[in-house]
Amino acid sequence: MKTIYFLLMLLTVTAAQYGCSNSGCKPLPILGERDFQNGDTVYHTIPTFSFLNQDSLEVTNATFAQKIYVADFFFISCPTICPKVKKEMLRVYARFENEPHLSLLSHSIDVRHDTIPRLKAFSEKLGVDGTKWHFVTGEEEAIFGIADKYFSIAKADASAPGGFDHSGRLILVDTKGMVRSFCDGTDPASVDEFMKDIDCLLSQEFPNLEN
Amino acid sequence: MQMISFKYYFLLPALLLTGLFYGCQSDKDLEKEHLAIMEIHDEVMPMISDMVKIRKELAQTLGESDSIRQVQVKQCIRDLQTAEKGMWDWMAEYKKPASYDGDSPAYLSDQKQAIQAVSDAMKSSYEQAEKLLNE
């Protein structure tokens, strides 16, 4: 009887510890295609990039070192999808505004009109911190090329519509440049679930933050 | 005198209701016209990324093309670029009017024609590009 009681106590303590350390999160999957090289699995990662943000500062992969980030694609004059997505991105921003390990990266796909001064005015209108939320522009081919890399994970879904860079999807990228989650940025319920994934990824990538 | 005030009792609400009716109708017309324009836009906007990609693919075939095909490919690339620019410029300039009166019905009618022309140019240039690539 004592042994059973001891085992029950042990199980309870272990379960409680597990629950606390992982905040009830399952590890998020690593999304995208994968290769097998020399017995190792090579996961899909976001390739190197270099763009300019609203403050004319270079934004590269290194900008997000030791950080996770949410990426999206938009343009200022977008009449339908983008205003909804920006509203949701603002919710993500507000929710994690004081979380130093999370950044936001919005790529403009209208390289003709969305100049750096326009991006600056846009970010100021939103009233966001430019060191946390980068609005970037670059060569058209580079922007669309990187969009392809981000959205290759969504292309695995045969039911997904085309034109991914104008689909309003938000993408969550971990500290190693791997895509860990995505959602429909026009749908508040989908974004709510996505923010839970951000919480999970933060707790997994930065376990000491909870202590 | 009493008759006049009695009439006003009816006239004033009738005028108010008529005003409200036309106000609501005007809002509905505005939304209807705006949505019709957006439908045309939304149908072709997702093609933009495919157009950028197919331009790149076409450009890559230039080296292995004979002179006649080179001319066709270059023209097709220019058509794609013009159509894409047409869409970006249209989006940058289009502004939904605040109400459906004055110049706004004519403006919306012009914008519908303009976005339809953009849509046609995008579709035809893309079709031509696909045709050239599959030759």
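How many salt bridges are there over all chains? The count comes to 18. Keep in mind that this is a predicted model. Here's a quick tour of a few of these pairs, plus a network.

**Asp55(A) and Lys120(A)**
- Asp55(A) pairs up with Lys120(A) in a salt bridge, and their closest N and O atoms sit 2.5 Å apart.
- Asp55(A) is in the loop between strand 3 (50-52) and strand 4 (58-60) of chain A, while Lys120(A) belongs to helix 3 (residues 116-126) of chain A, so the bridge ties together parts that are 65 residues apart in sequence.
- Asp55(A) is partly exposed, at a relative accessible area of 31%, and Lys120(A) is partly exposed too, at 29%.

**Arg95(A) and Asp199(A)**
- Another salt bridge joins Arg95(A) to Asp199(A), with 2.3 Å between the closest N and O atoms.
- This one links distant parts of the chain: Arg95(A) comes from helix 2 (residues 81-95) of chain A and Asp199(A) from helix 5 (residues 188-205) of chain A, 104 residues apart.
- Arg95(A) has a relative accessible area of 44%, which makes it partly exposed; Asp199(A), at 29%, is partly exposed as well.

**Asp174(A) and Arg180(A)**
- Asp174(A) and Arg180(A) bring their side chains together in a salt bridge, at 2.9 Å from N to O.

- Arg112(A), Glu140(A), Arg55(B) and Glu84(B) are joined into one network by salt bridges that share partners.

Note on methods: Residues numbered from 1 in each chain as written. Chains lettered and ligands numbered in written order. Predicted model: local features only at pLDDT ≥ 70, side-chain atom pairs only at ≥ 80, totals over all residues. Heavy atoms only, no water. Salt bridge = Lys/Arg side-chain N within 4 Å of Asp/Glu carboxyl O. Helix = DSSP H or I, 4+ residues; strand = E, 2+ residues; numbered from the N terminus. Buried < 20%, exposed > 50% of the residue type's maximum accessible area, 1.4 Å probe, protein only.
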